[in-house]
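Q: I have a model open and would like to learn how to read it, feature by feature. Could we walk through it together?

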Amino acid sequence: MDNGFARCFARWLGTGFASAGLTAAAWLTASAAASADETAASSEGAGAFAPIAPLRDSGLIASNARVAAEADDEANLAAEAPDDADDEASAQDVDVDEREAADANDPKYPDQFTLGDLENQWSDTWENDLQYTNIGIDWDVPITMSDGTVLKANVYRPLNDDGTPVDEQLPVIVNITPYTKLASMAIDSIMIPHYGENWVNFFGDMYMPPGLKGLEQLLQGFNSGFFQELGVDRRLLQSGYAQVVVDQRGTGFSQGTWQVLGKREQLDDKEVVEWASEQPWSNGKVGMTGVSYSAINQLQAAQQHPKGLKALFPVVPSADLVADVVAPGGGVGVGFLPYWLSLINFMKVLPDLSASAGGTYDWQWADDRRKEVFVKLDLLAQALNTPDIDKVAEYYLDSLDEDSPILQEVQRRQAQGQSMGQILVAIARTGSPWRDKALSEGDPHRIPLDVANFADETSPWRKDLITDVSKVDVPTFVVGGWHDLFVNSEVRLLNELPLPPSEKKVLIGDWYHFTTGSGLGKYPNPPRMDVLARAWFDHWLKGIDNGIDTFAPATFFSQSGGSGVWTNADEWPRKGMEYQKLYLSGQQAMSTAFSMLDGSLAEQPDEDENGHWISFGLTNMCSRDMNQPFLGFMAWIDACHIDSRIAELNGLTFTSAPVEEQTVISGPIAVHLNTVQQNKDGYWDVTVNDVDEFGQSTVLSTGQLVVSLRGLNESKTTRLPDGTVVDPYPVLDFANWRPVEPGDPTPIDVGVVPTDATLEPGHRLRVDVFASNFPKSIPIWPLMDDMRLAPQLLELDPDSPSWVVLPVNRNIPGVS
């Protein structure tokens, strides 16, 4: 057992992170040089859950002084400021008390979240109730899987004052990561309580001027508890837990080939949890934590019911990776997948130089890495380079003998009206006796095997990407973001997890993937993420009756035109929602001068038929759909984050009349479009926006669809009694590929990711329609070849209208 940070930095530096290690070391040195009084004071203020003046204009936090500074002259502010620092602090406390009382007695929203005694108690416990001071680390502990593959883990345990591990058996927190333990070690080194934490809090408490709210959101994620869930939470360990951080199979220092959430990898997750429960220093109770990939594998482990698993705390998880990020609406997620796959493929070949220097280099690890260096990158390249499907089919058909049974099968399907592309994919499906003959690993004229698996929803690889959350039977606390990659899964988990309300919680903020948690722990928002995790694990792993089971099942940030407020709900969609249909109309709404069409949303279809052309464009490179695959790192400027008017330059906009009363939108949304393509395929992207009285158009949610993949899985699609689709689930499978007849009207139902928002009086609802969504996603090459990026026509036909249907608590007025 080693508790020296020097070793951690040595390993970190030895694997290529020298500059980051030196930076962290400098931070630690600078902090350690501060006086004892200053350190105590700053740590007290940084870690405590202290009320801070609320920000209403961004949904995050800001001081009243800053808001006032935007409205008043600096000199006036200086004149009004108290002379004495103590008087100023006292006056600030009074202001906080008054605001708390006002919010509690007269909340702006009916379901508005308010801080209570329990939340403050959890924060106080997290800050002050620590049993141990020092933490020791066992490095690269081998864990042998049932197939003989050895995974490597770092085991963190509390130490006695003499530096020996505590004798007490403790509950264990497991984090299984593909980003290597090196990343966890680096985060742990920076986040040392009272030292590195001070610097993190310094950045996390920064406020940006108007126009840079995205940067403010990114910075305020630093001290939200996000990094503790991503790496190692020392305060949690000091309160009496052990933690095991494991390199996923084929990544970090673990042996094997990376499977990207495949079946063998899922079995590893189960076996690691059971290993942790059986160790002599474990009390047999295991919780899991982690972010993104390490949140997905929590759900995958839980569906297998491993022995000892008692609770989950997944941060930004997915339960349906195909619909969420691999191929949303049929478009390949090129904005995220290439750099993400490249990052992990790079990190997984970083060698353990410390082991090499000590003569314990793992040659099996090296052999495994040589077997497959670029995992799944070849699939991505093939998907974007596979030739036209009908051409592949023609080549394949010509290669068959006249008496071939496959040819007879092709002719039988042709007689049923199937296209050659559909026939080829059907023949290549899993279980087909002709599968091996239809596919090829090297022939450029045939469909590559990996692409066929990707295009077949019945293939084992596709099935592995969907988690059966109906089998999850342990208490689960989900944290997500409305603009996260996986929000489509996150928000649905509240209804899909088969758990009572006391055992499942979903907290969703106005966040991207990497800004998740921003603003938590600052008044009047919910507690920090690590505070909630501590309370969750204390309750379910230690049996402490701390009231976390009474926390609202749904704690959602209700979006409102670039701002919003935190709310509580017992169910989702919220009570009192009814679906309203608003029709897309060519009548001018007089709401924007920027878009290609300033159309309106009306309560009845247009009386006259008209159509509007729209072409492929790049304005979505300045939009929330651009920021989503880049995890929020590109959302620094509000013009490409909160405001969508630049993106709308290449879109058709349809805007309602202003609402007169506060109007809540809560649940799945669908946009029905009557489209016409010039070629055999098309690609449509829609957003649903909140337009304020100044014209700022803020995206609430988004959806997209490749026209040839418009077929719906009816078992997963929700319709109203009259048949109107309100929550479509397209079948993203080439066996259901349906090319269109150029020039013919083709109705499609585009699913918009479920959301929760509030239109304030004077605000309008807007639907934006685009013919592309680059760089978030693009169709694979065969489909792109079919559409040729030709202009597309949206027909506004009274006999076949287009509409948006959304759940509201009161009707939104149409433009008359």
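Q: Where does Leu789 lie?
A: Leu789 sits in the loop between helix 29 and strand 24. Keep in mind that this is a predicted model. Phi of Leu789 is near 55 degrees, which is a positive value in a residue other than glycine.

Q: Is Leu789 buried, partly exposed or exposed?
A: Buried means under 20% relative accessible area and exposed means over 50%, with partly exposed in between. Leu789 has a relative accessible area of 41%, so it counts as partly exposed. Arg788 lies in that loop between helix 29 and strand 24 too, and has a positive phi of about 55 degrees although it is not a glycine. With a relative accessible area of 54%, Arg788 is exposed.

Q: How do I read the angle at which helix 7 meets helix 27?
A: Angles of 65 to 115 degrees count as roughly perpendicular. The axes of helix 7 (residues 117-128) and helix 27 come within 9 Å and cross at roughly 90 degrees, which makes helix 7 roughly perpendicular to helix 27. Trp122, Ser123, Thr125 and Trp126 of helix 7 make the contact with Asp530, Val531, Leu532, Arg534 and Ala535 of helix 27. By type, the residues of this contact are five nonpolar, two polar and two charged.

Q: And what do helix 13 and helix 14 do?
A: The axes of helix 13 (residues 263-278) and helix 14 (residues 293-302) come within 9 Å and cross at roughly 80 degrees. These two helices are therefore roughly perpendicular to each other. Helix 13 brings Glu265, Gln266 and Asp269, which meet Tyr293, Asn297, Gln300 and Ala301 in helix 14. The residues of this contact divide into two nonpolar, three polar and two charged.

Q: Which residues touch the most other members of the largest nonpolar core?
A: A nonpolar core is a set of buried nonpolar residues joined through their side chains. The largest has 87 residues, and Val174, Val244, Phe313, Phe477, Leu507 and Phe537 touch the most other members. Helix 27 (residues 529-542) gives this core its largest share, eight residues. Apart from this core lies another of 41 residues, including Leu337 and Leu732.

Q: What does Val174 touch?
A: Val174 lies in strand 3 (residues 170-177) and counts as buried, because its relative accessibility is 1%. Beyond residues up to four places away in sequence, Val174 touches Val244, Val272, Ala276, Val286, Gly287, Met288 and Thr289. The C-alpha atoms of Val174 and Thr289 are separated by 6.3 Å, though the two residues are 115 apart along the chain.

Key: Residues are numbered from 1 along each chain as its sequence is written. This is a predicted model: local features need pLDDT of at least 70, side-chain atom pairs count only at pLDDT 80 or more; totals for chains, interfaces and linings use all residues. Side-chain values use heavy atoms; hydrogens and water are left out. Axes are lines fitted to C-alpha atoms, for helices over the stretch in contact, and angles run from 0 to 180 degrees between N-to-C directions. Helices (H or I, at least four residues) and strands (E, at least two) are DSSP runs, numbered from the N terminus. Angles under 35 degrees count as roughly parallel, over 145 as roughly antiparallel, 65 to 115 as roughly perpendicular and the rest as oblique. Contact means heavy atoms within 4.5 Å. Ala, Val, Leu, Ile, Met, Phe, Trp, Tyr, Cys and Pro count as nonpolar, Asp, Glu, Lys and Arg as charged, and the others, Gly among them, as polar. A nonpolar core is a set of buried Ala, Val, Leu, Ile, Met, Phe, Trp, Tyr and Cys residues joined through side-chain atoms within 4.5 Å. Buried means under 20% relative accessible area, exposed over 50%, partly exposed in between (1.4 Å probe, protein chains only).
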